Protein chains: 2
Amino acid sequence: VLGDLVLTHDMIVEGVHFLPGDPPADIAWKLAAVNLSDLAAKGAAPLGMLLGYSLGSGAWNGAFIEGLRQAIDAFGTPLLGGDTVAVPHHAPRSFGLTAIGRAPAGGAPNRSGARAGDALFVTGTIGDAGLGLELARAGEDGTAPVRAYRRPVPLLAEGRALAPQVHAMMDVSDGLLIDALRMAEASGLSVTIDLARVPRSEAARAFAGDDRAARLAAATAGDDHALLFAASEAAVAASGVAAARVGGFAAGQGLGLMDDGGEIPLPGRLGYLHA
Amino acid sequence: VLGDLVLTHDMIVEGVHFLPGDPPADIAWKLAAVNLSDLAAKGAAPLGMLLGYSLGSGAWNGAFIEGLRQAIDAFGTPLLGGDTVAVPHHAPRSFGLTAIGRAPAGGAPNRSGARAGDALFVTGTIGDAGLGLELARAGEDGTAPVRAYRRPVPLLAEGRALAPQVHAMMDVSDGLLIDALRMAEASGLSVTIDLARVPRSEAARAFAGDDRAARLAAATAGDDHALLFAASEAAVAASGVAAARVGGFAAGQGLGLMDDGGEIPLPGRLGYLHA
């Protein structure tokens, strides 16, 4: 019914998705970015946003609006409207954002189109945001991982370039392993991931090292908003987007994990699970 | 950028827009209805909805979903997606809904197009929901006004029939007097309303009487979601929609109030003001 429009709506709640002491400008940025990342995974060009806003103090509101303005400028996506509500004093506040985008001409990819024989690719790095959350909880500020956690960047241009070339695509919001397994399940396939091939930033390697525990932590952390997609090598080359081949799809079901050339057991927890 | 689409996003918060003891099915219905009423005032045909949902108990969730399903069936507007979040225990819950509609071919009316000489019309009755809120607070249940408060009906067909005929239109969400004044201000005009002509339901007259105090209470109560519009008598006749002429627009500014053939002072409070 909506023609070529793509719509997404994500909410964030104080004490659940952000902490009362988090910088309000970062909360605003992140709210916009996580929704725009959903559009990126559909290869959609963002058209606008609607905001549902719980009022805070004057200073808090001002800082939030400044962060939202930064996101609007950075991503070129106007705020079209929304609603503002007062919440009872001391009640946790919540925010919702609807993003509207235009799907690519050939249609928006979904997570269920992977084919046996497809490779699994990642654009962007994995694990920075999870590490940033740990560092932020420990009181760190201003490091690259903390910035990755608080100011994720939706890969809009990459998503649009990739959309015509991929069989399935999604953004990594809950963790590489859990999200790859979801893509495999939706496609009726199995997926294998080689931990040694998962792209990690230099900053993350410097902070957390590169042993298996660090690789597993990265592959099971959420909030990265990298793009995860199923495609052939040739198709990715045609897109012009730099991407790391981290695994592949085959008949069957489930997730297989490799590291340093051999199969390894799955960790007990594949990603961040939230309501 | 969005072509002929109309978008609206309203939030409701426990303790502010609904009470913890309100029936969850009614809360769901009302959340859908208030957003669809915004589309009705634009003459838009609803295409779909996105829901931002705070999880409650299993029974509460089930009842909410049942009310949402009733609204979806009644208004023919599918749920396209959304987000579900857990909130901290005992925190007030909040819900947001985005409704998307297709604007009428000639464009969506707004509140700023009234012309000097236009009459002011109301479709639907005024004051039922405000009376219903009073009755609900006093423990009443099942009466027509309580039902009007908890289960408002967006006037979608009326809005679509009226849109090509009106100069300005909005729904009455905060009270007839305040909303008419807002239309006048947006249009750079003054507006006069005759209380004796304001349409009130038989049930509301039976409960609250028909003296000036009752008329003023009705004209300053919120949540009715009647349609308020500026048009000529001939245009309203052409629309085929039954509507009551309650006043008119002229050059100047401000609100004038009449009752029983003479001008009366404005009440101290013109409507329900909320954040």
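1. How much area do chain B and chain A bury between them, and what share of it is on carbon and sulfur atoms? In this predicted model, the two chains bury about 2,600 Å² between them, and 75% of that is on carbon and sulfur atoms. The contact involves 34 residues of chain B and 34 residues of chain A.

2. Polar links across this interface can be counted. The rule finds 0 salt bridges between chain B and chain A. There are 4 residue pairs in polar contact, with both residues at pLDDT 80 or more.

3. On the side of chain B that touches chain A, the elements giving two or more residues are strands E1 (5-13), E2 (45-54), E3 (79-85) and E4 (94-102) of chain B. E1(B) gives the most, with 7 residues. By residue class, this side of chain B divides into 21 nonpolar, 9 polar and 4 charged.

4. Helix H3 of chain B covers residues 128-137, and its buried residues are B:Asp128, B:Ala129, B:Gly130, B:Leu131, B:Gly132 and B:Leu135. Among the elements covering these buried residues are helix H4 (144-150) and helix H7 (202-208) of chain B. Just after H3(B), B:Gly139 has a positive phi of about 95°.

5. In chain A, A:Asp259 lies in strand E10 (residues 254-259). A:Asp259 counts as buried because its relative accessible area is 3%, and the cut-off for buried is under 20%. Its side chain makes a polar contact with the side chain of A:Arg212, at 2.8 Å. Beyond neighbours within four places in sequence, A:Asp259 is in contact with residues including A:Asp194, A:Leu195, A:Arg215 and A:Ile264.

Methods: Residues are numbered from 1 along each chain as its sequence is written. Chains are lettered from A and ligands numbered from 1 in the order in which they are written. This is a predicted model: local features need pLDDT of at least 70, side-chain atom pairs count only at pLDDT 80 or more; totals for chains, interfaces and linings use all residues. Side-chain values use heavy atoms; hydrogens and water are left out. Buried means under 20% relative accessible area, exposed over 50%, partly exposed in between (1.4 Å probe, protein chains only). Helices (H or I, at least four residues) and strands (E, at least two) are DSSP runs, numbered from the N terminus. Contact means heavy atoms within 4.5 Å. A polar contact is a pair of N or O atoms within 3.5 Å; within protein, one must be able to donate a hydrogen and the other to accept it, and residues adjacent in sequence count only if both atoms are side-chain atoms. Buried area is the accessible area (1.4 Å probe) that two parts lose on being put together, summed over both. A salt bridge is a side-chain nitrogen of Lys or Arg within 4 Å of a carboxyl oxygen of Asp or Glu. Ala, Val, Leu, Ile, Met, Phe, Trp, Tyr, Cys and Pro count as nonpolar, Asp, Glu, Lys and Arg as charged, and the others, Gly among them, as polar.
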